Protein chains: 10
Amino acid sequence: MHFLAQMEVTIPHDIDTEKLERLLTAERERAQELQRQGKWPQLWRVAGRYANVSVLDVESIDELHELLSSLPMFPFLDIKVTPMTRHPSKVD
Amino acid sequence: MHFLAQMEVTIPHDIDTEKLERLLTAERERAQELQRQGKWPQLWRVAGRYANVSVLDVESIDELHELLSSLPMFPFLDIKVTPMTRHPSKVD
Amino acid sequence: MHFLAQMEVTIPHDIDTEKLERLLTAERERAQELQRQGKWPQLWRVAGRYANVSVLDVESIDELHELLSSLPMFPFLDIKVTPMTRHPSKVD
Amino acid sequence: MHFLAQMEVTIPHDIDTEKLERLLTAERERAQELQRQGKWPQLWRVAGRYANVSVLDVESIDELHELLSSLPMFPFLDIKVTPMTRHPSKVD
Amino acid sequence: MHFLAQMEVTIPHDIDTEKLERLLTAERERAQELQRQGKWPQLWRVAGRYANVSVLDVESIDELHELLSSLPMFPFLDIKVTPMTRHPSKVD
Amino acid sequence: MHFLAQMEVTIPHDIDTEKLERLLTAERERAQELQRQGKWPQLWRVAGRYANVSVLDVESIDELHELLSSLPMFPFLDIKVTPMTRHPSKVD
Amino acid sequence: MHFLAQMEVTIPHDIDTEKLERLLTAERERAQELQRQGKWPQLWRVAGRYANVSVLDVESIDELHELLSSLPMFPFLDIKVTPMTRHPSKVD
Amino acid sequence: MHFLAQMEVTIPHDIDTEKLERLLTAERERAQELQRQGKWPQLWRVAGRYANVSVLDVESIDELHELLSSLPMFPFLDIKVTPMTRHPSKVD
Amino acid sequence: MHFLAQMEVTIPHDIDTEKLERLLTAERERAQELQRQGKWPQLWRVAGRYANVSVLDVESIDELHELLSSLPMFPFLDIKVTPMTRHPSKVD
Amino acid sequence: MHFLAQMEVTIPHDIDTEKLERLLTAERERAQELQRQGKWPQLWRVAGRYANVSVLDVESIDELHELLSSLPMFPFLDIKVTPMTRHPSKVD
């Protein structure tokens, strides 16, 4: 089951930098772990923004939410989720 | 070079149905042709909407515009284009 | 799997009234058929608008799209879909 | 009488964490209390967001406001309220 | 029970003028009938727009929807409904 | 002369609570004073939000601004003002 | 009493051109008549748009609405009205 | 050359009040200086908001930007600039 | 004097094709004429949209409006104009 | 390859002024360096705003993102990127 997830990152300018470093490191590890599990087949950086475009492949909406809300940076993410299905013109 | 293209389709209710059928058939053929050429690696239907989420892989912005504006349904498409680059956490 | 679907209906003022009647009748039958199948557990009219709030219970996103795009009035619907999961404070 | 309530939660990053814990615990208790009273028949988490979709069943608008404004997290909630009525195609 | 209803009127330029006249006359009669019934205590014209600001006093949301959707001009109205309750600083 | 005033209240979470209490008390007194003067005939709480819907009856725009900007909570108010006139279908 | 009025003009492409010419001529005459009466002290064209910025000087909101709704092109105007008062830093 | 400038003022609630007082005094002096130079022919307060509507008369866009960015309160202003030209129906 | 002009083109689907062809030819000639006069130094197509990004170099706002409103396609253009001035970090 | 980049700058009012000075100096040097490299052919200040309009000429989207995200002020920039291609009416 596939979802498009468009994530904008907003980091308060007065956040504790050490705390932020820990979060970013954990975020990177978590994102790579999920990619290796095949849950996160598409991960792109939006050019010019602190934002990403992702395609997530999960078994259920519950799993989708667990995945996203488990991201260490979740409190600083504004995520727009779009459920996607097979396009009638899709060529395999 | 990759672009996210989010296309919303709006078809006037009083359009000539035969003309529309011809356009839709040509659209499908054109989309599949581009997919076979490797230009259109991701094509999804947005659940619940006459809209799609696409990832286009092209050599230049010129080619991107030629590809999109060559779509027979182009006059009925509202396309939001987002240039994407490699994400620092991307796992190959 | 549950989705919130918020549907706004826009009917062109110059549509053929007989065609519209047929569509509305078919829409009603289709909606009731889906409710009887347990796919459409919540269907509310938004007070003051030609719009509805629905909760759809389906097996997959594919089924969600088939259900919505099979609605006879689909061409006149603007549908906002929100994937929903169990709330941590939910009491059964 | 039914209302759709769509709640987005925004928590300032520099809030006192103990205060926040107390609020969240109280929020959970209050929400479950209202559910047991039958006032809050639908409570869903929006996948990917710190937000919920709720259906509230109350006797009056006054009661609706008392219910929502009594939520400990009310100062951090942006709530969109939609009054709902029976849909003509609703099947009991 | 009180609702604020903000109605914007959009009339297609190519509508049949006789049909429109009939609708407007019926609209005026219906609005005055509802006012005499005490259902429509506040009805204002928004200066500079074909729009109104209304306060409706009804027994239920069902009645609210019946009232609004019974307006002959309903197909040409975009109505924003806001449920209102007593303000803590209100002086009787 | 009547104006609709829709006020959304946003209170910074880290405001000094004693200062806030003083402001809220002064706000309440000021609002009730203006109501007793007949300047504020309609004051409603928007259900589910820290917001109000008001109708103000003043002699001039100057007076309208003095009234609103004199509110102790003015710095925390986002006010949308709509000038209103008699509706042609108004029944006295 | 002064109001800012920002008017966007939208003319349907299939409108009868003779009817439009009559309306535009009448509009011009009406606008100049109101200017000569001192009601319309500021009238500017927005560069690059079929839109204007106006300041209207009237005795009441009722007069404001009569003035604007009497414009022959009123059905094709989207008008945003802003009540204005004397600025504390204004130099006479 | 005339520009409409619509300025919304947003002052952080935790700003140093003495600093703010100095800025506001300097702002007032600067605004009056520019008015006396004939650069700021129209300055109105928007009723109910900490905002103004201004017409600026300058020799060039460079001068426009110097004027606006020289305002002591510039960091707290959100300014929407609209270039204006003579309206064809303008009566001198 | 430089302005950014962002133009979105919307062509009604039922427009007379011959009339449209004439307009497009005239538009192209007019745009090229203005470019040769040095009035239109930057003209780009927005990739994926029937829209352009232009920089116009004119002597006055009056000339800007004459230029834009003289475009044969003006009735089908939605133009957003941004006045621009020299950037302090600009390198000649 | 050309991109339009529209950058709005938002600087928190309580930022450390020395840190800000260092960032602004570095920003200016970086911007001028990129201009000398031919990467930043167009750089304009938006009149009346702390914002700029830029045209960037790069070899790839990757380079575009490196360029923009390397700007010292990147954390305080909201950048809207528009890919541009040759316009069919462009005169060389």
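Buried residues make up 55% of the 92 residues in chain A, where buried means under 20% relative accessible area, exposed means over 50%, and partly exposed lies in between, with a 1.4 Å probe and protein chains only. This is a predicted model, in which local features need pLDDT of at least 70 and side-chain atom pairs count only at pLDDT 80 or more, while totals for chains, interfaces and linings use all residues. Residues are numbered from 1 along each chain as its sequence is written, chains are lettered from A and ligands numbered from 1 in the order in which they are written, and side-chain values use heavy atoms, with hydrogens and water left out.

Staying with chain A, there are two helices and four strands. Their order from the N terminus is β-α-β-β-α-β. Both kinds of element are DSSP runs numbered from the N terminus: helices are H or I with at least four residues, strands are E with at least two. The C-alpha trace of chain A spans about 50 × 25 × 20 Å along its principal axes.

Now contacts, meaning heavy atoms within 4.5 Å. Take those in chain A between residues at least 6 apart in sequence: 69% of them join residues at least 24 apart.

As for surface, chain A exposes about 4,100 Å², and carbon and sulfur atoms supply 50% of that. The areas come from the Shrake-Rupley method with a 1.4 Å probe; for residues, only the protein chains shown count as cover.

On charge, chain A carries 11 positive and 15 negative side chains, and the centres of the two sets lie 5 Å apart. Lys and Arg count as positive, Asp and Glu as negative, and His and the chain ends are not counted. Each charge is placed at NZ of Lys, CZ of Arg, CG of Asp or CD of Glu.

Next, the neighbours. How many residues of chain A are in contact with chain B? The count is 27 residues of chain A against 27 residues of chain B. Together the two chains bury about 2,700 Å², 60% of it on carbon and sulfur atoms. Buried area here is the accessible area, with a 1.4 Å probe, that two parts lose on being put together, summed over both. Trp44(A), Arg45(A) and His87(A) supply 23% of the area that chain A buries against chain B, more than any other three residues.

A salt bridge is a side-chain nitrogen of Lys or Arg within 4 Å of a carboxyl oxygen of Asp or Glu. Chain A and chain G do not touch, with their nearest C-alpha atoms 29 Å apart. Chain A and chain H also have no contact, and their closest C-alpha atoms lie 15 Å apart.

Over all chains, the salt bridge count comes to 50. One of them joins the side chains of Arg49(E) and Glu8(E), at 3.0 Å from N to O. That pair links distant parts of the chain, 41 residues apart: Arg49(E) is in the loop between β2 (42-46) and β3 (51-57) of chain E, and Glu8(E) is in strand β1 (residues 2-9) of chain E. Glu8(E) is partly exposed, at 31% relative accessible area.

Another salt bridge joins Arg49(G) and Asp78(I), at 3.0 Å from N to O. This pair crosses between chains, from the loop between β2 (42-46) and β3 (51-57) of chain G to strand β4 (residues 77-86) of chain I. Asp78(I) counts as partly exposed, at 41% relative accessibility.

Back at chain A, Glu8(A), Arg49(A) and Asp78(J) are linked in a network of salt bridges.
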